[in-house]
Amino acid sequence: MTSFHNSEFVVIPLYRNKGYDFTITSSTAFDHKWIYGRNIFENISRIVDEIFDSYLSRPNVAQPILTQYCDGQRVSCPNWMSQWGSKDLGDRGYSFIEILRYYYGSSMYVNEADEIAGIPASWPRVDLSVGSRGDKVRQMQAQLARISRAYPAIPTISADGIFGPATQEAVEVFQSVFGLPVTGVVDYSTWYKISEIYVGVSRIAELY
């Protein structure tokens, strides 16, 4: 549940009311600030898209990990992660996991989800292009073939598991239609956009 107060987005602490021992707010005294309609940096958006199947964990800890921070300048928060402190560590060559462990200990790990809710098949972790073969190519081709029924501009292809010129052309048209860089290569962004559109057209078809 949310409310607006002094033009700021505030999350009412229903989590504690439901018995949880944490609260999610929109105050930088505790966590990230969220502002509706705020502009974003394109490179940050791309990086987030590339790692959204990753999550932090500690061994044998089944609860949210408190990652509160302050800016480290206007507000001092000893032993907390700080915005400028983490930037300084990054400037000194620390990787993101080294920065997290600097603040939260060496038991912090990054895991990758085997599946992402609503997505029928996870990215193969390698780009698919002309010459690629196998089940992941076949899955992608089958999804594109289904999409082409709703978007006739996309050539219909056979799901034979072989990434040839016809598949490349279908990928290029798909990328053009949905505003992706037209490369003919199924990278991370293209794979999940194909999955997203496939899920959409499949569910719409189920309504009829």
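In helix α3, D91 pairs with K87 in a salt bridge whose closest N and O atoms are 2.7 Å apart, the term meaning a side-chain nitrogen of Lys or Arg within 4 Å of a carboxyl oxygen of Asp or Glu; the two residues are four apart, about one turn of the helix. This is a predicted model, in which local features need pLDDT of at least 70 and side-chain atom pairs count only at pLDDT 80 or more, while totals for chains, interfaces and linings use all residues. Residues are numbered from 1 along each chain as its sequence is written, and side-chain values use heavy atoms, with hydrogens and water left out.

**Salt bridges**

- The structure holds four salt bridges, among them the one between D135 and R138, at 2.8 Å from N to O, and the one between E196 and K193, at 3.3 Å between the closest N and O atoms.
- D135 and R138 lie three residues apart in helix α5 (residues 135-150), helices being DSSP runs of H or I with at least four residues, numbered from the N terminus.
- E196 and K193 are separated by about one helical turn because they are three residues apart in helix α7 (residues 188-206).

**Exposure of the paired residues**

- D91 counts as exposed at 56% relative accessibility, whereas K87 is partly exposed at 41%; exposed means over 50% relative accessible area, buried under 20% and partly exposed in between (1.4 Å probe, protein chains only).
- D135 is exposed at 55%, and R138 is partly exposed at 34%.

**Helix α3**

- Q83, found in helix α3 (residues 83-91), is 13 residues from C70 in sequence and 6.3 Å from C70 in space, C-alpha to C-alpha.
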